[in-house]
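This report examines selected features of a predicted model. Please consult the sequence and the structure as you read.

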Amino acid sequence: MRDFAFDMATGPSVGRQRDEQQPLLEACNIGFTARGEQLLHNVDIAIRQGSRTLIVGPNGAGKSLLLRLLHGLLQPSDGKVLWQGNALNAKAQRAQAMVFQRPVLLRRSVFANMKFALSVRGLRGQKRSDKILSALASAGLSHLSNRPARVLSGGEQQRLAVVRALACDPELLFLDEPTANLDPASTAAIEELVRDASARGVTIVLVTHDVGQARRLGEDLVFLQDGHVAESGPAQKILTEPQSEPARAWREGRIYLGPNTQSLCDFPGSKL
Amino acid sequence: MSSFWDALAGSFGLVIALDPDLMEIIGLSMRVTLTAVFLACLIGLPLGAAAGTFRFPGRTLLSVVLNALMGLPPVVVGLFVYLLLSASGPLGPLRLLYTPTAMIIAQMVIVTPIVAALTRQVVEDFNSEYAEQFASMGVGPLDRLMSLLWDGRYSLLTVALAGFGRAVAEVGAVIIVGGNINHVTRVMTTTIALETSKGNLQLAMALGIVLLTIAFVVNACVMGLRATAVRSAYA
Ligand SMILES: Nc1ncnc2c1ncn2[C@@H]1O[C@H](COP(=O)(O)OP(=O)(O)OP(=O)(O)O)[C@@H](O)[C@H]1O
Ligand SMILES: [Mg+2]
């Protein structure tokens with residue numbers, strides 16, 4: 001079974017494009033097992049060049065894990081990850097960047113954090129400083145340039161993590177719940193950064209719990225439930241008429257409790 | 001009881017008068033210990049950082065050995081360095097026994113495992129936090145090591161100060177390899193031991209006051225560093 005946006009071929013932009021145009025990144029039936037427990041099962045997705053793909057699902061569904069596998073930080077136990085049709089290697093990994101669920105900022109100033117990331121990419125001198133200044137300006141962080149990065153507010157830290165990743169000019173950017181815990185203004189600021197990057201051609205893979213954000217940013221959508229892909233396809237389609245029960249529950253803001261339960265009252269042992 | 005108060009009063013007199021003998025001893029102490037700690041850091045910081053960052057065969061063994069060596073009895077180190085430097089030892093031809101260099105070597109042997117073991121702990125903690133980010137960025141091994149050392153700078157300064165505190169207060173090893181020769185290898189701790197046994201309590205106590213002050217200053221530095229680190233969320 002191939003859970004691919006285009007397999008549900010009904011929307012306008014779909015069809016069997018996959019055969020004509022090679023996806024940028026593919027997960028071919030990947031599984032992941034840790035300590036004898038299978039955490040991901042047969043995940044088969046393809047990410048189109050330049051698209052915005054959302055990964056959605058409840059806590060513990062395996063979204064962050066999937067991102068780590070796609071980014072090559074972990075090796076799948078089964079199946080393989082392909083970058084432009086070839087096995088993911090160090091060079092391919094450098095064409096990607098990732099903003100982690102909890103942003104990891106160095107114990108240095110905001111400026112020095114940017115400087116470090118760009119130095120790793122081999123940028124030096126004036127070119128590097130110019131790039132840092134424009135990146136910080138794009139995120140509204142210019143006035144915080146000399147502040148220790150770790151005293152920034154949560155939203156500022158997230159913005160810094162996003163522009164730091166974008167400053168490395170990735171072809172593909174992974175974002176793991178970049179706006180969880182942020183106020184609406186900071187959320188909008190981050191979505192703006194993501195949209196700008198997308199407009200410049202950066203492929204986006206974004207994990208979110210937020211239905212509104214999914215509506216605003218989604219093109220393709222993958223719904224994960226307990227390590228399985230419950231549903232995948234064009235985001236608008238899944239948001240308007242979800243086919244699977246977990247996706248429907250998410251859209252309606254309900255908790256999905258399993259295939260045989262409709263509400264908390266049906267949950268075994270429930271006293272409600 | 002009056003001899004105690006006499007000694008105390010006299011010792012303060014010596015400290016305040018910057019007595020030349022006293023100054024010479026303090027100067028040598030500082031030179032020996034600072035050199036030893038500097039060299040120990042030169043070896044211990046990269047060694048500990050590598051042990052805390054990279055996975056290589058024998059990594060666990062290295063950590064266990066470093067931790068065990070932290071508690072090395074100084075007299076045993078003194079004996080070991082003595083055998084190494086004595087006329088018939090492998091380094092005998094260098095004729096280093098009973099010189100300040102010998103004391104530097106002894107203190108270095110005592111402090112290096114302390115610096116390395118504590119560095120490993122600090123760097124390992126930082127590494128577990130940074131490893132994925134570094135992997136994602138494609139940071140090379142040397143850059144990783146240097147970044148971890150730099151980001152751990154506050155904690156690592158504390159580590160160096162701990163090494164300094166241990167070295168400056170050390171007596172057993174330096175008395176064996178230095179010989180406590182007047183104007184040559186007499187440092188604060190060995191002088192205190194000698195002068196006390198000779199009954200010259202004034203000088204002994206003056207040095208005791210200086211040592212205590214140094215310990216106090218080192219601790220104040222550690223606390224100050226920690227406060228600075230916490231303020232910048234760098235701890
Ligand atoms: N490297 C790993 N080794 C072992 N177990 C892991 C690993 N990574 C994740 N897990 C487990 O896999 C499950 C899914 O974790 P994951 O972090 O992917 O969830 P998530 O979908 O991102 O949830 P959330 O919405 O809370 O972020 C969890 O039960 C977690 O304990
Ligand atoms: Mg997660």
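## Helix packing in chain B

Is the crossing of α3(B) and α5(B) left-handed or right-handed? The crossing of these two helices is left-handed. Helix α3 of chain B covers residues 59–70 and helix α5 of chain B covers residues 100–137; their axes come within 8 Å and cross at roughly 130°. Because of this angle, α3(B) is oblique to α5(B). On the side of α3(B), the contact is made by B:Arg59, B:Ser63, B:Leu66, B:Asn67, B:Leu69 and B:Met70. The residues that α5(B) contributes include B:Pro113, B:Ile114, B:Ala116 and B:Ala117. By class, this contact has eight nonpolar, three polar and three charged residues.

Helix α5(B) also packs with helix α2 of chain B, which spans residues 20–53. Here the angle is about 35° and the axes lie 5 Å apart. The crossing of α2(B) and α5(B) is right-handed. The residues of their contact divide into 19 nonpolar, 10 polar and three charged.

## Overall make-up of chain A

Chain A has a secondary structure of 10 helices and 10 strands. Of its 272 residues, 53% are buried. Among contacts in chain A between residues at least 6 apart in sequence, 64% join residues at least 24 apart.

## The magnesium site

Which atoms coordinate the magnesium ion (ligand 2)? They are OG of A:Ser64 and OE1 of A:Gln101, at 1.9 to 2.3 Å. The two residues belong to distant parts of the chain, 37 residues apart. A:Ser64 is in helix α2 of chain A (residues 63–71), whereas A:Gln101 is in the loop between β6 (96–99) and α4 (110–120) of chain A.

The two residues can also be described by their accessibility. A:Ser64 has a relative accessibility of 17% and therefore counts as buried. A:Gln101 has a relative accessible area of 38%, so this residue is partly exposed.

## Helix α4 of chain A

Which residues of α4(A) are buried? They are A:Val110, A:Asn113, A:Met114, A:Phe116, A:Ala117, A:Leu118 and A:Val120. In chain A, these buried residues pack against α3 (90–94), α5 (125–138) and α6 (154–167). They also pack against α5 and α6 (141–151) of chain B.

Just after α4(A), A:Gly122 takes a positive phi of about 85°.

Definitions and conventions: Residues are numbered from 1 along each chain as its sequence is written. Chains are lettered from A and ligands numbered from 1 in the order in which they are written. This is a predicted model: local features need pLDDT of at least 70, side-chain atom pairs count only at pLDDT 80 or more; totals for chains, interfaces and linings use all residues. Side-chain values use heavy atoms; hydrogens and water are left out. Axes are lines fitted to C-alpha atoms, for helices over the stretch in contact, and angles run from 0 to 180 degrees between N-to-C directions. Helices (H or I, at least four residues) and strands (E, at least two) are DSSP runs, numbered from the N terminus. Angles under 35 degrees count as roughly parallel, over 145 as roughly antiparallel, 65 to 115 as roughly perpendicular and the rest as oblique. A crossing is left-handed if the near helix is turned anticlockwise from the far one by less than a right angle, and right-handed if clockwise. Contact means heavy atoms within 4.5 Å. Ala, Val, Leu, Ile, Met, Phe, Trp, Tyr, Cys and Pro count as nonpolar, Asp, Glu, Lys and Arg as charged, and the others, Gly among them, as polar. Donors are N, O and S atoms within 2.8 Å of the metal (3.2 Å for Na, K and Ca); water is not among the atoms, so sites may look incomplete. Buried means under 20% relative accessible area, exposed over 50%, partly exposed in between (1.4 Å probe, protein chains only).
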